[in-house]
Amino acid sequence: MFLSYLLVLSSLCFILISCQVLDPNGEHSHLQLSQLDKRNWKKPPPPPSTNASYAPVIGSCNGSKRLLHSLESGQLPELEANFLKKRSQSSDEALRSFLQSVHSTSSLDLDSLIGSNGPRLGIAVSGGGYRSMFFGGGALAAFDNRSNDTTLGGLLQGASYITGADGGSWLVSSLAINDFRTVQNLSSSIWYSRLGIFFVEETRFGDNENYYTDLVDEVNQKAAAGFNVSLTDYWGRAIARHTTGRLRGGPDTTYSSVQNASWFQGAEYPYPILVSQGLPGALAYGHNSTSSNSSIYEFSPYYFNTFDNNVRAYMPLEYLGTKLNNGSAVDDNCVTYFDNVGFLIGTSSTRYNDALLDVSLRQSRMSRRLGFTLRHMRINGSAVSYYNNMFNAASTIAGDGTAASNGLVSAPYVDLYDGGADKQNIPIWPLLQPERHVDVVFALDASGDTDNYWPNGTSLVSTYERITQKASDASYAVNSFVHIPPVETFINLGLNNRPTFFGCDGRNTTRKSQVVDDNTPPLVVYLPNTPWTTQSNIADDRYRLGTSNIKDLVHNGFVAATQNNSTDFASCLACAVVQRSLERQNQSTPQACQQCFSQYCWNGTVDNSPVFDQKGNVKYNPSMKSGAMRLSNNIVLSGLLAFLLIFYILS
């Protein structure tokens with residue numbers, strides 16, 4: 001009998017332990033300490049029904065005939081500059097609060113460091129499909145001062161910019177068009193994918209029975225209005241149904257409409273930028289190959305623009321799709337509603353176009369119409385995204401001096417492609433522009449660089465090479481960057497398995513200047529996707545995730561960003577935030593920050609030992625972090641069943 005009761009007691013202990021965080025240091029004894037606010041997971045009321053059309057609208061320009069403007073060196077577009085000026089009022093307050101909350105910076109003269117002297121923060125969310133969306137979402141929840149039990153609250157409110165490519169663009173756009181609601185709220189109420197991207201879960205977000213028919217009909221509306229369509233239109237309509245929170249993915253929901261949101265008008269959160277690649281203008285029809293010097297284009301609520309020379313210009317996003325001649329609208333006809341959110345994030349994640357082709361006749365009879373249409377479009381080479389060429393005949397704005405702009409002024413379309421197609425999967429390029437004066441970039445990397453979908457630093461290496469190995473026909477104003485080691489060093493030194501700071505000494509960059517000023521490249525805080533509470537390396541082509549899976553992935557991103565709510569790590573991040581401001585004023589780095597930098601800054605050590613196996617795959621398989629290990633639901637369930645079985649035997 002004693003043995004039987006001992007078995008029961010052991011089973012109960014097993015179940016209780018399964019629900020806890022194992023913390024060898026004893027600092028956090030329960031999962032609750034680093035878990036997200038459960039109250040934030042409530043679902044909002046369902047959105048109203050819609051008969052909205054996906055077709056762009058052609059109408060009068062209302063006096064705004066001149067739409068394309070050259071972007072002068074050293075200048076930001078006016079509306080962006082005005083946004084940042086207003087933004088600094090709330091971002092400075094949030095940064096002050098964060099810096100005062102940690103021991104490393106609380107004693108500094110913050111009045112001399114915050115304000116006109118900076119610091120200006122940028123957040124870049126990498127590509128990587130759902131893997132990136134949920135990891136990045138967890139990190140942003142950790143940066144959000146609305147989240148409970150976070151040591152990093154206020155960094156989101158203190159950031160000036162946030163950029164996203166591919167899956168990162170899904171996250172950034174979802175936040176922007178949904179009033180920057182908390183990630184906890186969005187991930188439980190909007191980011192449904194239990195049945196996969198190519199299906200919808202609840203009728204309030206779409207009509208299951210007519211899903212494929214609706215998808216085709218929506219795109220046909222655009223074609224019937226006289227606009228070329230491509231696979232991106234279908235892909236965009238599909239992914240929008242899982243990110244926008246609008247019925248049928250918001251066929252008429254535009255990114256420029258974010259201008260009307262109260263949070264944007266009040267500049268309460270970072271300026272949100274979606275990133276895409278421009279294909280060289282002289283490519284053959286249907287060609288979708290980018291190069292290391294391809295122009296990088298940006299979509300923000302105000303503008304479509306690029307900072308790359310020879311195509312350095314901007315136009316109002318709300319008029320994207322308008323036919324221009326030398327920068328002016330043809331026949332005073334302007335296009336609106338072309339900047340559909342789904343189409344823009346589809347453009348930023350164009351590599352997923354081929355995933356649509358998996359929707360074939362074997363799926364169901366409902367998919368026949370869509371499958372036939374997609375296969376026909378692929379045969380005709382429509383895998384890229386077509387935009388009416390805003391540089392048409394604008395020879396004074398877009399010259400022919402670079403590979404990126406060669407033949408562009410005479411091309412009918414600007415062909416845009418995946419934001420990470422040139423291996424710069426972290427969209428850091430917009431944050432390196434000298435005009436934006438960014439001091440520190442939080443690079444959230446959930447790239448699938450290895451064969452098992454973990455990051456290995458390739459994105460930062462690619463940006464480093466774009467700058468330091470500039471092609472002879474490349475032309476852009478970003479001429480310096482922090483030093484970045486090769487991929488082999490990332491893996492051999494474990495830099496892709498923990499937070500790493502690059503460029504802690506502003507005098508030791510590729511700029512080679514002993515003076516730290518507004519032209520010094522920003523310090524980069526590299527935060528890679530690592531397995532803390534779950535194996536977060538979901539495959540690029542995994543489209544079906546239940547609500548519990550999404551919550552687990554978001555939580556893992558939260559714990560990875562905070563390093564399991566480490567107050568010491570929060571202090572070190574504060575040091576990274578103020579470092580450029582200190583250097584510009586020739587102030588000494590505090591002793592506490594020097595200790596942090598010795599722990600987290602890359603010190604220049606290089607280890608290029610081979611990391612590839614005989615098949616050319618990277619040998620990298622990280623272990624779960626024991627400091628936040630949680631046993632799986634299956635193990636908990638097994639323990640519960642064992643307990644019930646023993647109880648049944650005893651009774």
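Me: Is Arg351 buried, partly exposed or exposed, and at what relative accessible area?
Reply: Buried means under 20% relative accessible area, exposed means over 50%, and partly exposed lies in between (1.4 Å probe, protein chains only). Arg351 is partly exposed, because its relative accessible area is 34%.

Me: At what pLDDT do side-chain atom pairs count?
Reply: Residues are numbered from 1 along each chain as its sequence is written, and side-chain values use heavy atoms, leaving out hydrogens and water. This is a predicted model: totals for chains, interfaces and linings use all residues, local features need pLDDT of at least 70, and side-chain atom pairs count only at pLDDT 80 or more.

Me: Which residue forms a salt bridge with Arg351?
Reply: A salt bridge puts a side-chain nitrogen of Lys or Arg within 4 Å of a carboxyl oxygen of Asp or Glu. For Arg351, the closest N and O atoms are 3.3 Å apart, and the partner is Asp540.

Me: How far apart in sequence are the parts that Arg351 and Asp540 tie together?
Reply: Helices (H or I, at least four residues) and strands (E, at least two) are DSSP runs, numbered from the N terminus. Arg351 sits in the loop between H11 (341-348) and H12 (368-379). Asp540 sits in the loop between E16 (523-528) and H15, so the separation is 189 residues.

Me: Which helix holds both Arg580 and Glu583?
Reply: The two form a salt bridge, with closest N and O atoms 2.9 Å apart. Both are buried. They are separated by about one helical turn, because they are three residues apart in helix H16.

Me: Which side chain makes a polar contact with the side chain of Asn456?
Reply: Asn456 lies in the loop between E14 (440-445) and H13 (458-468). Asn456 counts as buried because its relative accessible area is 3%. A polar contact is a pair of N or O atoms within 3.5 Å; within protein, one must be able to donate a hydrogen and the other to accept it, and residues adjacent in sequence count only if both atoms are side-chain atoms. At 2.5 Å, the partner of Asn456 is Thr458.

Me: How far does H15 reach from its first C-alpha to its last?
Reply: Helix H15 (residues 547-562) has 16 residues. The expected span is 1.5 Å times one less than the number of residues. For H15 that expectation is 22 Å, and the reach is close to it, at 23 Å.
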